Amino acid sequence: MNEFSRGKNGKDLGTSCLIRHMWRAHRSIVLQESGGVAIPPLHSAPPTLLPAPPPLDGDPGSVSSSPGKPAQLCPSATSSPDRLTDELHARLHPGDAPMEDAAVLSPSDAAGEASLVSPPETRPGPCTLGPAATLQQSRKVVRRLKSEVWHHFSLAPADSLKAVCRHCGCVISRGKKGDVGTSCLMRHLYRRHPEVVGDQKGLLGAGLASSPYATLASAESSSPRRTDLPPAVTRGGPALFPGHSKKTSKLWNHFSVCSADATKVVCLHCGRTISRGKKPTNLGTSCLLRHLQRFHGSVLKADVPKTVPPSPPSGRESLGTELLGASSFDDADEKLYDSHPVAKKITSLVAEMIALDLQPYSFVDNVGFNRLLEYLKPQYSLPSPSYFSRTAIPGMYDNVKQIVLSHLKEAESGVIHFTSGIWMSNQTREYLTLTAHWVTFQSSARPHCEDHHCSALLDVSQIDCDYSGNSIQKQLECWWEAWVTSTGLQVGITVTDNPSIGKTLNEGERSSVQCFSHTVNLIVTEAIKSQRMVQNLLSIARKVCERVQRSHKAKERLAELQRAYELPQHHLIQDVPSKWSTSLHMLERLVEQKRAVNELSIECNFRELISCDQWEVMQSVCHALKPFDAASREMSAHVSTLSQVIPMVHILTRKVEMLFEETMGIDTMLRSLKEAMVSRLSATLHDPRYVFATLLDPRYKASLFSEEEAEQYKQDLIRELEMLHSTSEAAPASHGCEPASPSTGCGGEDNLWSLMAKIKKQDPRGRARAPEAVVLAYLEEDVLEHGCDPLTYWNLKKAAWPGLAALAVRFLGCPPSTVPSERLFSTPTESGSFGQARLAMEHFEKLIFLKVNLPLIYFQY
């Protein structure tokens with residue numbers, strides 16, 4: 001018993017192969033079922049199934065197509081496709097030019113079955129059968145359907161198994177004897193002559209479209225899953241050729257056709273180009289399978305259990321039927337396997353979304369999100385929440401951590417500075433954070449970026465509410481060992497807004513400074529609380545703004561008054577009492593809307609009315625706090641450095657002295673400002689770290705110090721540079737270059753080479769580059785403008801003064817404030833999602849790490 005394949009695709013199965021087998025191996029049975037009638041002679045020209053035209057008067061060769069009557073064949077029927085075409089066209093359109101290469105055969109009886117036609121490779125013969133025999137054979141004997149591609153081809157004179165293209169003259173094989181077809185002819189037309197395909201309209205009849213033996217072109221063009229029709233669509237019927245051939249093999253999940261050469265494909269895993277054959281009409285997929293078996297055997301193993309896609313979990317409705325008309329994908333039923341590049345990319349993007357938006361892992365089970373994914377990519381199956389919590393997020397964390405480590409190694413002079421603090425979420429949880437800051441002139445992540453300041457969040461850890469300074473220091477030392485010292489880098493200055501952390505680090509071996517912005521906040525808060533009148537003024541302003549915010553009528557009336565007085569269309573600002581900067585903005589907005597607020601307060605009968613004296617005090621308070629607000633924003637910028645602290649202290653001190661003459665009614669607050677600045681900022685004016693940073697900033701140098709201080713600080717800078725040189729001279733030993741030891745076979749030659757080393761040290765060029773000469777040459781240059789970037793200056797000078805440039809980077813790479821790192825956590829999701837109980841999730845520290853660092857590394861991991 002022989003087995004036969006009915007096709008590769010389970011939806012495109014036919015019986016032609018079965019009929020051919022019966023005719024070749026069991027012809028007697030076929031003749032017996034046919035009633036013993038002999039098989040009629042075969043035609044040499046390929047017929048067609050176009051609807052027969054009505055018989056013309058007086059035309060003896062007309063073909064009957066009436067229901068119930070058999071189709072009669074003319075004994076003088078031609079065996080040439082050209083003659084058949086001419087006759088057909090003459091009947092359809094009398095007087096027009098004859099069409100190319102078509103043959104006519106009428107439809108059969110009322111059942112709508114196609115009449116018997118014969119392949120063009122057999123010999124011609126006379127038509128000897130009667131009407132009854134022809135009708136019987138058309139029902140039971142082999143029924144073969146021929147395509148309309150014969151309009152563009154003719155049989156080869158020497159070999160009837162081959163066809164000759166009428167457009168390019170190419171000879172195409174139609175198969176072996178007894179098993180020929182026209183699929184190769186259709187492929188040739190679509191690949192070589194697409195313009196001919198686009199011009200064909202109205203060539204398929206209803207019988208061809210409904211026949212089970214329709215060609216590949218008509219089958220694909222009438223497929224219900226096709227939503228984008230090819231250019232050959234007719235107005236009243238299906239298209240002749242499809243937009244593209246359908247790839248049924250699952251091997252195409254791993255390959256894509258090369259755009260430059262259709263006979264080659266590109267592997268989606270390794271990017272190699274593979275040839276599928278030389279002839280475009282005879283391409284296969286065996287070479288693709290061999291490539292996967294040889295280089296990607298694991299992919300084939302992964303495909304074995306994926307033959308039947310798993311059923312989706314509960315809550316994920318199938319939208320294949322509902323969204324079929326809107327989806328633009330052809331093979332929506334075939335799911336992408338997990339290792340497919342497209343599936344891996346979508347899964348990675350979903351994991352990034354969970355980290356960036358701090359979503360819980362159960363987010364992937366949301367019905368709305370699954371509906372969106374199924375509409376965008378029906379072939380993709382979303383993994384379970386456990387996959388993201390156990391595999392995707394931990395794997396992404398490890399990859400990003402390695403990228404951050406590689407970027408840390410690019411730090412200039414090998415020094416890393418830090419900002420650390422206690423961060424509290426809305427769930428009253430406290431986290432210790434550590435953010436790294438460094439300078440790099442040649443970054444692999446940002447090769448063409450002019451910003452030399454780099455930063456990254458290293459770690460986040462939840463701490464107890466009753467933490468101590470020692471526990472914080474132990475945690476920080478553990479992080480420094482894992483990230484910095486183990487890789488050969490140095491721990492620089494740590495900036496913190498927490499007094500206990502700063503005190504603990506300064507008592508140890510680490511260097512720590514206080515956050516400048518936090519210090520300014522303390523100074524201004526103390527000054528506001530020092531004067532009772534200012535506090536009362538802020539209380540009245542808050543009540544007025546709150547009354548307007550809570551009343552819809554008051555808002556509308558305020559807008560009308562703003563238009564009447566031609567004031568800016570701005571809303572009043574409600575401040576946060578714990579943040580003095582918001583109180584300043586609230587007072588500035590009230591001063592701006594003074595006329596409208598006064599009239600609104602009278603019309604709406606506000607209990608709190610602002611008097612004229614209070615308006616004057618309000619303007620004075622705004623004038624006094626504006627410089628501190630500007631200084632806080634200036635020092636909180638991403639490119640701000642430690643060198644800007646001393647100049648800013650001098651500016652604020654001078655500004656406070658001027659405010660005594662420019663304001664009225666706030667002398668108590670101004671005196672408190674002056675005293676707080678002296679007590680909290682005077683120590684920074686003589687701190688060596690701030691002094692060196694200011695001297696090494698080409699925008700300031702020694703211009704802010706007195707002559708005595710400038711001379712003293714210059715000598716201190718020279719000694720610091722000499723220490724750096726002495727350290728760098730011993731550095732080659734760490735690179736594997738050990739000092740030469742006397743050799744037993746060298747005799748006294750080692751003394752000669754030591755003398756050469758002394759001669760090199762006495763080189764005049766070496767004396768010219770002494771630390772003192774370098775510092776003097778630097779200080780003699782002109783001071784740069786304030787808008788210049790000091791790191792760009794030292795990037796240009798590092799070739800001439802490498803030691804001084806390395807020393808400058810050590811101090812200029814440290815930020816003066818922790819606000820840039822705090823800004824990384826101050827996102828819109830903090831006020832919303834962080835306060836919800838659903839975010840009490842695992843891996844919270846890893847999600848925060850990914851949320852901050854993914855944008856910093858440009859999502860390249």
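The questions and answers that follow take the terms in turn.

The model is predicted, so local features need pLDDT of at least 70 and side-chain atom pairs count only at pLDDT 80 or more, whereas totals for chains, interfaces and linings use all residues. Residues are numbered from 1 along each chain as its sequence is written, and side-chain values use heavy atoms, with hydrogens and water left out.

Q: How many helices and strands does the protein have, and what makes a run count as one?
A: The protein has 33 helices and 13 strands. Helices are DSSP runs of H or I with at least four residues, strands are runs of E with at least two, and numbering starts from the N terminus.

Q: What share of the protein is buried, and what does buried mean?
A: Of the 861 residues, 41% are buried. The term means under 20% relative accessible area; exposed means over 50%, and partly exposed lies in between (1.4 Å probe, protein chains only).

Q: What share of the contacts joins residues 24 or more positions apart?
A: Such pairs account for 67% of the contacts with a separation of 6 or more. Contact means heavy atoms within 4.5 Å.

Q: Why is H17 called roughly perpendicular to H19?
A: The axes of helix H17 (residues 532–550) and helix H19 (residues 580–592) cross at roughly 70° and come within 11 Å. That angle makes H17 roughly perpendicular to H19, because 65 to 115 degrees counts as roughly perpendicular, under 35 as roughly parallel, over 145 as roughly antiparallel and the rest as oblique. Axes are lines fitted to C-alpha atoms, for helices over the stretch in contact, and angles run from 0 to 180 degrees between N-to-C directions.

Q: Which residues of H17 and H19 meet, and of what class are they?
A: Leu 538, Ala 541, Arg 542 and Cys 545 in H17 meet Ser 583, Met 586, Leu 587 and Leu 590 in H19. The contact of H17 with H19 has six nonpolar, one polar and one charged residues. Here Ala, Val, Leu, Ile, Met, Phe, Trp, Tyr, Cys and Pro count as nonpolar, Asp, Glu, Lys and Arg as charged, and the others, Gly among them, as polar.

Q: Why are H16 and H21 called roughly antiparallel?
A: Helix H16 (residues 516–530) and helix H21 (residues 612–635) pack at an angle of about 165°, with their axes 9 Å apart. H16 and H21 are therefore roughly antiparallel to each other.

Q: Which residues make the contact of H16 with H21?
A: Phe 516, Ser 517, Val 520, Val 524 and Ile 528 in H16 meet Leu 625, Phe 628, Ala 631, Ser 632 and Met 635 in H21. These divide into eight nonpolar, two polar and no charged residues.

Q: Is Cys 612 buried or exposed, and what of Cys 814?
A: Cys 612 is exposed, because its relative accessible area is 63%. Cys 814 is buried, because its value is 1%.

Q: Why does Ser 173 count as partly exposed?
A: Ser 173 has 42% relative accessibility, so it counts as partly exposed. Ser 173 lies in strand S3 (residues 171–173). Leaving aside neighbours within four places in sequence, Ser 173 is in contact with Leu 161, Lys 162 and Cys 184. The C-alpha atoms of Ser 173 and Lys 162 are separated by 4.4 Å, though the two are eleven residues apart along the chain.

Q: Why does His 296 count as buried?
A: The relative accessibility of His 296 is 12%, so this residue counts as buried. His 296 is found in the loop between helix H9 (286–295) and helix H10 (297–303). Beyond neighbours within four places in sequence, its contacts are Cys 267, His 269, Cys 270 and His 291.

Q: Do Glu 566 and Lys 701 count as buried or exposed?
A: Glu 566 counts as exposed, because its relative accessibility is 73%. Lys 701 counts as buried, because its relative accessibility is 3%. Glu 566 has a positive phi of about 55° although it is not a glycine, and phi of Lys 701 is near 55°.
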